[in-house]
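Reader: Please take a close look at the aromatic side chains of this model. I should like a connected account of how they pair and of what surrounds them.

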Amino acid sequence: MTAPAQIPNPAHILAETMLSRRFGKETANYFSSSPINRLSFLRNDHPFISSALKHPSTKFLLLNKLAPLTRSPAEPYYAKYDELRGLISQDLFDKTEEEMVKDFDSRKTNPTLIFLGLDESRKESNDLMTYKNYSGHPFFAVDVTPQGSEAHQSACKDIIKAMEEKGLSFFQTRVIMTFPPEEAAIYAQARALMDWNTRNTFCGTCGHRTLSINAGTKRACPPTDAARAAEGLPQDRPECNTRTTLSNLSFPRTDPTIIVAVVSADGKRILLGRSKRFPPKWYSTLAGFIEPGESIEDAVRREVWEESGVTLSRVVIHSSQPWPYPANLMIGAIAQCSDAAHEKISLEHDPELEDARWFEIEEVEEALRIGTSDLSAGAGPDYKGGLRLPPATAIAHQLIQAAVDADYFQAEKSKM
């Protein structure tokens, strides 16, 4: 069985500053703190992207129906360009973005290739790619899902077969939380962007096919299509507001959600809930989507009241976690009731929860020590308690840990 991954511990967390002394150590959650410099301002610099594609140190993370290619559940496999020659042409980025849009032909299936950035952490390596002031190992994500034209499907199937013959496999699971922290952050970026590209192959305004540009992080609705001319139609597409408003671009989106550990007025109990899909004794923090025109704090209060009937007072933002399923940003909070009268639980509003209850701090502390597990696994063999909690890789765990930590509330008092 694969050991659970640990949460990130980037260098900036260890630095002592006025803010860290006043507010405490920052929490870096799983899927965050990537070692990669995204260099987003160079994504439309095709000489740079083309050089990165061709560099011998470049690593490619392959995704098949969003499942990453792995050596094991704890180790992703990064392919080299030579393993992808049948799918990716080295001249893919030799054209400018303007030329790509002008020459668009919807009959052709181009591989979805996303530039993730440069890993600048290994400065001592002698195989670094250097461009202007930037130096590192380039990373790309590649979709090898067999779809589109017959030629493209055939190339993808050949790659999948070749990889599987090496003993590699595409890790098929609902949620991956077994990679080392740095690898998990790279995967999270790749998966979220690949999922967005897959969902937006057609323009949301006019319904025509779109084109991946900006190294896989934007999509354009081209004004012309060579396929139309081949059918005897005008090459110009019908007018589309996507092209006539602010820009000819569609950008990836991230949906913000709140997740909160709720503390009783006396600070001695934690409110936790369970949904119908949870295994026995498994409880977690409450969560929900932020709605338009709503602050983070207001969303926390609304979701907790809707799901549990509990009314909150003070809300403090604790940390956040990118969640690539498909593209959420989980904004973690600690919140507290002002008095016992507001702690009454009622599940009569939103029926989302099967149960919600107040747990004594001592029981929560014991579960944090030996009763944590993911949804598909049992708690530790020595655990005989009545409460199971999410693992350390989940932001819910970090919020619960902060809520039971007396030092956290002492730090809060020092700010007032």
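Author: A charge sits over a ring if NZ of Lys or CZ of Arg is within 6 Å of the ring centre and within 35 degrees of the ring normal. Tyr283 meets this condition, for the charged end of Arg274 sits over its ring at 5.6 Å from the centre. The charged end of Arg269 is likewise placed over a ring, that of Trp358, and lies 5.2 Å from its centre.

The model is a predicted one, in which local features need pLDDT of at least 70 and side-chain atom pairs pLDDT 80 or more, while totals for chains, interfaces and linings use all residues. Residues are numbered from 1 along each chain as its sequence is written, and side-chain values use heavy atoms, without hydrogens and water.

The structure contains 13 aromatic pairs (ring centres of Phe, Tyr or the six-membered ring of Trp within 6.5 Å; planes under 30 degrees apart are stacked, over 60 edge-to-face, the rest tilted). One of them joins Tyr78 to Phe139 in an edge-to-face arrangement, with 5.3 Å from centre to centre and 85 degrees between the planes. Because Tyr78 belongs to strand β5 (residues 78-79) and Phe139 to strand β8 (residues 134-143), this pair ties together parts that are 61 residues apart in sequence. Helices (H or I, at least four residues) and strands (E, at least two) are DSSP runs, numbered from the N terminus. Tyr78 and Phe139 are both buried (under 20% relative accessible area; exposed is over 50%, partly exposed in between; 1.4 Å probe, protein chains only).

Tyr283 lies in the loop between β13 (269-274) and β14 (286-289), whereas Phe359 lies in strand β17 (residues 355-360), so the pair ties together parts 76 residues apart in sequence. Tyr283 and Phe359 are each buried. Elsewhere, ring pairs join Phe48, Phe60, Phe115, Tyr131 and Phe140 into a cluster.

Ile186 lies in helix α6, and its relative accessibility is 3%, so it counts as buried. Although Ile186 and Pro35 are 151 residues apart along the chain, 7.9 Å separates their C-alpha atoms. Helix α6 (residues 181-199) also holds Asp195. With 8% relative accessibility, Asp195 counts as buried too; apart from neighbours within four places in sequence, its contacts are Leu66 and Pro326.

Helix α9 (residues 296-308) has 13 residues, so at 1.5 Å a residue it should span 18 Å, and the 18 Å between its end C-alpha atoms agrees; the expected span is 1.5 Å times one less than the number of residues. Gly309 comes after α9 and has a positive phi, near 80 degrees.

Methods:
Contact means heavy atoms within 4.5 Å.
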